[in-house]
Amino acid sequence: MAAWFSRLFTGQEGRDGALAINQQALLAGWRQLPEVDISRSHYRSRYVLVDVETAARSLKSDRLVSIAALALVDGLIDFQEAFHVVLAHDAPGADAAAGEASEANAPTAPNPALVIAGVPPVDALISFLSFAGKAPLVAYHSPLVGAMIERALVEHLGIVSAQPCIDLAWVLSDLFRDVSDVGDLSATQGGLDAWLAHFGIASIQRHNAVSDAYVIAKLLQIAIARAARKGFDSPGSLLELEKARRHLHQSG
Amino acid sequence: MSNSATEMLVSACIQFLQGFSPFDRMEAQALRFLAEHVKLAHFPKGARILASEMGIARALYIVQGGKVRARPSGGNSHVEYSAVLGPGQCFSIGALMAQRPSSSAYVARDDVFCYELPADCFFSLTQKSTAFNLFCTQTIAGLLNQSQQQLQLQFAQRAAEQKTMNSPLATIVKREPVAVAPETSIREVVELMAANHLGSMVVTDPLQQPIGIFTLSDVLKRIVLPGLSLEQPISSVMSTSPLTLPLAANAHDAALAMAMHAVRHVLAVDEGGRLRGVVSERDLFKLQGAGLRQIRHSIDAATSVDVLRHAREDVRQLSLTMLTEGVGGQEITQFISTLNDTVTRRVIDLNLDRHDLYGIDWAWLSFGSEGRDEQTFTTDQDNGIVYLCTDIMDRELTQLRFLEFARDVNDDLDKCGFPLCKGNIMASNPELCLTLEEWEEKFALWVRTPEPLALLNATIFFDFRPLYGRFNLAHRMRLSLFRQTQGNPLFLRMLAQNALSVAPPLGRIRDFVTGADPDHPGTIDLKKYGVRLFTDAARVFALANQVEATHTVTRLKRASALTHLPPDDVSASIEGFNFIQLLRLRHQHFEQEHGRAGDNLIRPDELNEIERRVLKEAFRQARKLQARLKLDYQL
């Protein structure tokens with residue numbers, strides 16, 4: 001799978017025309033943010049941990065239900081720097097079904113709680129970008145998480161983010177090669193639970209996006225401490241490490 | 001912006017903290033403030049979290065996961081101690097309060113997660129939360145007067161042990177309780193116990209409410225020796241109505257309950273009375289490190305006064321340990337009282353071998369602080385005897401027998417470390433070794449003619465409590481006392497006036513009034529001008545509302561339930577009372593450590609800022625109680 005984050009920034013040709021003036025202003029504000037220096041120390045950087053909830057009846061109709069994000073600033077998790085948005089499902093052109101786990105008995109009636117709490121996708125994504133800024137994103141299995149967000153950004157904002165996104169699954173499996181009880185699981189589905197068990201990290205509510213972002217943030221704290229000891233002391237070096245590991249794994 | 005993600009993380013943080021002391025006692029708003037202002041940090045194994053070189057402490061650390069080792073930094077490397085802190089424990093309070101570098105180094109033993117609360121938020125929190133403030137005060141309690149080295153030692157020890165006895169049972173019961181239905185056969189139960197290495201088995205009804213308990217020691221006594229069939233149901237051999245405590249009760253409550261009922265297991269139950277876990281004496285033992293059980297055991301098994309004297313010394317030592325651990329005043333005084341009761345009962349037991357009181361109904365009574373369950377380290381005897389005499393012709397002879405018996409008990413108690421009462425308030429005093437009718441008459445006389453001496457007697461003797469013998473005699477005395485007080489409103493009014501004769505030592509301009517005693521300028525007598533303010537008021541409330549309890553805290557609680565006393569005010573006064581008791585205990589400890597008889601004279605100047613503030617608040621609470629009395633009795 002091509003790394004979604006490596007695509008070039010293509011916003012200018014996007015769908016800005018369809019956006020309201022204030023939405024355009026917010027988006028422009030985000031665009032004008034200076035690029036982040038990813039060569040600074042982990043402990044002088046801001047990472048943004050991302051997790052998403054999706055609704056699926058089939059793989060193709062996967063759609064973004066909510067985005068949760070949590071910042072790791074200077075190595076610390078700050079509960080005030082947390083983000084969660086539920087996307088409204090009555091967006092034009094969307095499938096009639098909002099999916100969810102509500103199964104076939106309610107295909108035309110999306111979960112009312114979601115509709116009430118939901119934010120129109122455009123606003124939701126803009127607020128996510130405002131929260132994230134241009135900080136490097138970190139996810140567990142970012143190809144999946146990233147693809148969801150990327151698709152939504154293209155669909156609703158007409159842009160492709162150029163933000164680096166680090167897949168913690170690869171980073172952990174490289175940094176902790178000595179960990180036997182996690183083993184090869186680490187780079188595949190289900191590995192997260194194994195890492196959490198290994199480090200004794202308890203979830204608030206596993207599979208809840210905010211809770212998952214929180215435990216991933218704790219894993220990142222562990223990872224950057226180990227990485228720094230091995231000489232990978234910045235977000236940039238973590239990206240390098242992840243790429244190398246992925247490459248090694250795929251060619252080997 | 002209200003943020004659902006932040007809310008979720010903050011709630012989870014609150015929930016985590018609530019599992020530990022002192023956060024479980026903290027006001028909801030203050031706890032939320034804490035959770036909203038912490039940041040979570042990670043430290044890999046071997047990382048230094050805090051050390052003196054890092055300068056003035058900038059944050060409070062609360063361990064969220066992993067273990068932290070605390071060691072004194074620099075200098076004292078020959079001192080062999082270090083402490084390990086686990087989840088829920090916090091550190092650098094002393095350094096934060098004094099705004100100095102930490103005197104210990106804290107190092108991560110494995111992957112450690114810590115909540116960090118910045119110093120300015122820490123200080124806000126001490127202002128927002130009385131519970132937290134008290135905790136911090138207790139943490140640095142007594143340390144200011146002592147050398148730096150002792151400070152480090154005590155702090156490290158306390159930090160290591162502090163979680164322990166104050167933690168709720170919910171955190172002590174680790175594994176799921178194993179329980180069986182009453183019709184389960186003995187064989188199955190014993191097999192289950194063997195397979196799971198259980199020392200006890202709880203028997204529950206279909207609602208999971210415990211109805212009995214069966215322990216390993218029962219196997220021998222109730223099954224093997226009587227040769228009982230193993231096919232019998234467990235209900236035929238279990239002990240019924242087992243001792244239960246709510247999950248929120250703490251380890252001290254459990255220890256106290258075990259000591260009082262001489263049992264080894266307490267069952268923790270939830271609000272629905274359902275079994276949630278078993279706490280054994282062994283669990284507490286592990287927590288406490290010191291030998292509660294050994295002490296009790298040695299008391300119960302003592303065959304001579306000599307042994308009892310040692311046991312009493314152990315009680316003292318254990319209470320001191322608890323004091324340095326930062327245990328609250330109420331727990332300690334109650335603990336001392338309970339174990340002192342045990343010693344007294346054993347002394348009485350031993351003397352009964354030599355004195356034949358067979359066939360007579362009698363009871364040994366405690367008065368004063370002993371009667372109130374509020375003993376401190378220095379306490380003399382306050383006791384008496386009540387007995388029934390069916391034949392008036394026998395009265396004198398019977399009394400002589402009791403007096404002889406009482407004299408021996410008083411002497412033995414003296415040998416065990418309870419000095420004879422200077423005021424002769426002892427069972428060997430013929431005036432205090434009386435029949436039920438005589439006691440009732442005495443009480444009635446004091447109530448009907450409340451002259452100063454009668455009021456003074458009321459403050460000592462109306463706090464009576466049975467310790468040995470027929471407890472129902474004491475109950476009858478209480479009922480008759482209530483009949484008298486209900487019929488004599490003037491008495492209560494005089495008693496209230498008497499309670500108001502001493503005012504809290506708070507000045508209008510300067511903080512404390514310390515000139516009350518010309519022989520000891522600059523001091524406050526915490527008994528006369530502290531504890532007594534509360535006990536006197538509580539006694540009036542209790543007598544007015546027919547509350548049987550003698551313990552001041554219980555009296556206040558019960559009275560508030562029966563009257564218009566607002567519960568918040570009452571819990572504030574209870575906290576104030578407990579704080580003063582704690583200061584007293586600490587002071588007595590300090591005095592005794594330095595070879596002086598423990599008095600109750602403290603110097604406010606030697607307290608730290610927070611202690612002074614809390615003490616002032618305690619006095620204000622006493623003033624409030626007095627205002628209530630004034631209002632109730634139009635004084």
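**Loops, helices and the interface**

Analyst: Let's begin with Asp373(B): this residue is buried, with 24 other C-beta atoms within 10 Å. Bear in mind that this is a predicted model.

User: Where's the place of Asp373(B) in chain B?

Analyst: Asp373(B) sits in the loop between α15 (368-371) and β17 (383-387) of chain B. Its phi is near 65°, a positive value in a residue other than glycine.

User: Which residue takes a positive phi just after α10(B)?

Analyst: That's Ala262(B), with a phi of about 50°. In the helix itself, α10 (residues 251-261) of chain B, the buried residues are Ala251(B), His252(B), Ala254(B), Ala255(B), Leu256(B), Met258(B) and Ala259(B).

User: Switching to peptide bonds: is the one from Ser21(B) to Pro22(B) cis or trans?

Analyst: It's cis, with omega near 0°. Pro22(B) is in the loop between α1 (4-17) and α2 of chain B.

User: Since we're at α2(B), at what angle does it pack with α4(B)?

Analyst: Helix α2 (residues 28-37) and helix α4 (residues 119-128), both of chain B, pack at an angle of about 170°, and their axes are 10 Å apart. Angles over 145 degrees count as roughly antiparallel, so α2(B) and α4(B) are roughly antiparallel to each other.

User: Which residues meet there?

Analyst: From α2(B) you have Gln29(B), Ala30(B), Phe33(B), Leu34(B) and His37(B), and they meet Cys121(B), Leu125(B) and Lys128(B) in α4(B). By class, that contact has five nonpolar, two polar and one charged residues.

User: How many bridges join β4(B) to β7(B)?

Analyst: Five, and β4 (residues 68-72) of chain B runs antiparallel to β7(B). Within β7(B), Val107(B) stands opposite Arg69(B).

User: And how many between β2(B) and β7(B)?

Analyst: Two bridges there, with β2 (residues 48-50) of chain B and β7(B) also running antiparallel. Leu50(B) has Tyr106(B) as its bridge partner in β7(B).

User: Let's go to the interface. How many residues of chain A are in contact with chain B?

Analyst: 20 residues of chain A are in contact with 18 residues of chain B. On the chain A side, β3 (76-86) and α7 (209-229) are the elements that give two or more residues, and β3(A) gives the most, with eight residues. The residues on that side divide into 12 nonpolar, five polar and three charged.

User: Which strand of chain B is joined to β3(A)?

Analyst: Strand β1 (residues 39-43) of chain B: two bridges join it to β3(A), and the strands run antiparallel. The bridge partner of Asp78(A) in β1(B) is Lys39(B).

User: Can you sketch chain A as a whole for me?

Analyst: Chain A has eight helices and five strands. From the N terminus on, the order is α-β-β-β-α-α-β-α-β-α-α-α-α. Of its 252 residues, 43% count as buried. Among contacts in chain A between residues at least 6 apart in sequence, 69% join residues at least 24 apart.

User: Last topic, the largest nonpolar core. Which of its residues touch the most other members?

Analyst: Of the 245 residues in that core, they are Leu49(A), Ala69(A), Leu168(A), Ala213(A), Leu220(A) and Val386(B). The element that gives the most to this core is α7(A), with 14 residues.

User: What is Val386(B) in contact with?

Analyst: Leaving aside its neighbours within four places in sequence, Val386(B) is in contact with Trp362(B), Ala363(B), Leu365(B), Leu434(B), Leu436(B), Trp439(B), Leu473(B), Ala474(B) and Met477(B).

How values were computed:
Residues numbered from 1 in each chain as written. Chains lettered and ligands numbered in written order. Predicted model: local features only at pLDDT ≥ 70, side-chain atom pairs only at ≥ 80, totals over all residues. Axes fitted to C-alpha atoms, helices over the stretch in contact; angles between N-to-C directions. Helix = DSSP H or I, 4+ residues; strand = E, 2+ residues; numbered from the N terminus. Parallel < 35°, antiparallel > 145°, perpendicular 65-115°, else oblique. Contact = placed C-beta atoms within 7 Å. Nonpolar A, V, L, I, M, F, W, Y, C, P; charged D, E, K, R; others polar. Pairing = 2+ DSSP bridges. Buried ≥ 20, exposed ≤ 12 C-beta atoms within 10 Å, placed from the backbone. Core = buried A, V, L, I, M, F, W, Y, C linked by C-beta atoms within 7 Å.
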